[in-house]
Amino acid sequence: MIEVVDCPLPASFQDAGRPGYRHLGVPLSGALDPQWLAIANALAGNPPQTVALEMRLLGPKLRTSTPVTVALAGDFSARIEDTAGQSRPTANWCSHVLTAGETLCVGSLRSGIGYLAVGGGFDLPPVLGSRSTYARAGLGGIDGHMLRAGDRLKVGAGGAAISLRLPHAPDIGRGPIRVIPGPQRDYFTDAAWQQFIGAEFVVSREADRMGLRLDGPRLEHARGADIVSDGVTPGAIQVPGDGRPIVLLADCQTVGGYPKIATVIGADLPRLGHALPGHKLRFVAVSADEALAARRDAARRLAECIAGMVPGGAELDLDALYGANLIDGVIDAD
Amino acid sequence: MNPRLLDLGDGALTLEFGERIDPALNARVMAARDALAALKLEGIVDVVPAYCSLTVHFDPLRLDRKILAARLLEAAQAPVQKSAPATRWLIPVTFGGEFGPDLAEVAQATGRSEPDVVAAICAAELRVFLIGFLPGFPYLGELPAWLHLPRRATPRTVVPANSLAIAGPQVAVYPWQSPGGWHLLGRTPVRLFDVADADRPALLAPGDSVRFKAVSDDEFRRLAAGVAASECGRKDWLAP
């Protein structure tokens with residue numbers, strides 16, 4: 001059993017999400033970065049899309065009453081406190097074995113989001129095929145609510161005491177965010193399109209698991225800002241009447257009534273999940289064939305990354321971590 | 001207008017039959033959905049019907065986009081079956097007062113009395129065009145033209161769950177508390193989404209028909225208590 005001692009900012013449980021129910025208005029949900037989720041689970045000895053904690057900005061403090069393997073994916077500081085109050089720092093991209101009575105304290109996340117997996121996974125009931133938290137409708141997670149202090153988390157059977165690490169932090173890509181134009185590209189003037197793919201945008205403070213509102217040039221509609229509601233998807237960039245684009249993310253609604261100028265390709269979507277207010281980004285248009293090649297490339301890199309895990313978590317390879325230029329590569333717009 | 005395909009990223013395509021709210025277009029959407037389902041294509045993730053379009057979410061690593069596009073354009077030609085609505089529902093609602101705070105404003109804006117507004121809403125046989133926005137949230141239409149109003153200038157940050165609301169030609173019932181800009185006219189005791197019913201968690205489905213029945217506040221409270229105690233449910237809301 002793991003007790004949540006403190007949880008100052010929202011954290012949710014996420015797995016592969018809830019496909020198959022969008023015709024009932026149920027959002028897809030699931031990890032904002034399924035690749036990092038897979039890495040956290042691999043480090044914990046779990047199948048790739050086992051449910052894990054998705055943390056944002058600041059992590060929780062968790063005390064375990066039984067031995068448990070925890071794996072940390074992301075860029076954040078954390079430490080383990082033993083029962084005598086002594087603490088030791090932990091490395092990221094690494095799994096650690098906690099003994100009974102120890103407390104894991106996760107600090108602030110420089111990577112925007114991060115994942116915490118436990119060996120054997122969290123023992124939660126699936127709701128409509130998924131354990132992902134969707135708090136608005138009270139689905140998944142712990143009784144449908146976000147993680148909070150006092151929650152008691154059961155760990156699934158089958159977890160082993162293992163210690164693995166990645167020799168290098170994963171590369172999550174850099175350069176402009178790739179998009180496919182449409183479905184309502186024709187609702188915008190050509191000048192608005194040129195601004196969209198030519199200008200720099202900044203992630204505003206309105207950013208959560210539903211979407212990111214961007215600051216930058218106002219995009220002008222050619223045919224009005226209302227459409228008859230049609231299907232939307234994570235990555236779709238809708239532009240309401242005020243001309244400020246909103247990039248939809250995992251918890252987005254299933255249909256929407258604003259025109260969508262373009263849609264972020266699947267391979268680049270996790271980068272937006274990591275974006276924090278103030279991050280700058282640019283967009284570039286690609287074809288469906290290029291998007292498919294990018295998906296294949298991302299799957300191959302993930303497989304290579306997981307195949308490169310090595311035993312042992314104690315040694316912190318700072319050179320490799322900093323050399324990977326992890327965070328600068330996340331979202332900057334060069 | 002011929003059906004056309006729109007790109008929604010690399011993992012979804014939208015088949016569009018037109019750009020207006022029209023039961024005839026919505027029936028073609030449903031026919032295309034059924035024709036596509038019959039093909040049982042591997043790699044389809046979600047199929048989402050909307051007013052006049054069908055969005056297919058797929059895994060491009062398992063299903064070739066060009067093959068899906070060709071199948072969708074074929075499915076778009078599927079003939080519409082002339083059949084009765086899938087299911088007819090009669091949903092109790094208490095109108096006005098604390099449960100319908102915008103009824104008086106809507107009556108004023110349309111130049112009719114409050115009972116006239118309620119009578120018009122209860123007289124309309126409404127089609128479920130789609131389920132979307134929130135789990136189980138039905139978009140119903142269409143209202144008589146004199147009741148078409150723009151959304152509220154300032155959306156409410158909190159619309160209570162089970163509120164009946166109108167905007168333009170549309171009627172909706174909010175299954176969950178949420179922000180919203182529609183006009184709130186009443187409240188229903190009916191539960192529109194229930195994961196306990198795993199086979200059909202959403203009460204309503206596209207193509208169903210819905211009528212509303214005005215009930216008193218006392219009757220609303222009695223029915224709501226019955227729903228909470230699982231003494232009444234789904235079958236009690238079927239039209240006689």
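This is a predicted model: local features need pLDDT of at least 70, side-chain atom pairs count only at pLDDT 80 or more; totals for chains, interfaces and linings use all residues.
Local features required pLDDT of at least 70 and side-chain atom pairs pLDDT 80 or more, totals for chains, interfaces and linings used all residues, and side-chain values used heavy atoms, with hydrogens and water left out. Residues are numbered from 1 along each chain as its sequence is written, and chains are lettered from A and ligands numbered from 1 in the order in which they are written.

In the interface of the two chains, 42 residues of chain B are in contact (heavy atoms within 4.5 Å) with 43 residues of chain A. The size of an interface is often given as the accessible area lost when the parts come together. Chain B and chain A bury about 3,200 Å² between them, 62% of it on carbon and sulfur atoms; buried area is the accessible area (1.4 Å probe) that two parts lose on being put together, summed over both. Five salt bridges cross this interface, a salt bridge being a side-chain nitrogen of Lys or Arg within 4 Å of a carboxyl oxygen of Asp or Glu. The interface also holds 12 residue pairs in polar contact, both residues at pLDDT 80 or more. A polar contact is a pair of N or O atoms within 3.5 Å; within protein, one must be able to donate a hydrogen and the other to accept it, and residues adjacent in sequence count only if both atoms are side-chain atoms. On the side of chain B that touches chain A, the largest share, five residues, comes from S3(B). Helices (H or I, at least four residues) and strands (E, at least two) are DSSP runs, numbered from the N terminus.

Arg4(B) forms a salt bridge with Asp186(A), with 3.9 Å between the closest N and O atoms. Both residues belong to a network of salt bridges that also links Arg223(A), Glu16(B) and Glu19(B). Asp10(B) lies in the loop between S1 and strand S2 (12-16) of chain B. Asp10(B) is buried, at a relative accessible area of 4%; buried means under 20% relative accessible area, exposed over 50%, and partly exposed in between (1.4 Å probe, protein chains only). Its side chain makes a polar contact of 2.9 Å with the side chain of Arg295(A). Residues touched by Asp10(B) include Ile180(A), Ile265(A), Phe58(B) and Arg65(B).

Within chain B, the domain assignment, which is automatic or from a database, gives domain 1 (4-75) and domain 2 (88-237). Their C-alpha centres lie 29 Å apart. Nine residues of domain 1 of chain B are in contact with nine residues of domain 2 of chain B, and the two domains bury about 820 Å² between them. Zero salt bridges are found across this domain interface.

Over all chains, the whole structure holds 42 salt bridges. One of chain B joins Arg62(B) and Glu42(B) at 3.0 Å, N to O. Arg62(B) is in the loop between S4 and H2 and Glu42(B) in the loop between H1 and S3, so the pair ties together parts 20 residues apart in sequence. Both Arg62(B) and Glu42(B) are exposed. In helix H4 (residues 114-123) of chain B, the buried residues include Val117(B), Ile121(B) and Cys122(B).

Technical notes. Lists of a residue's contacts leave out its neighbours within four places in sequence.
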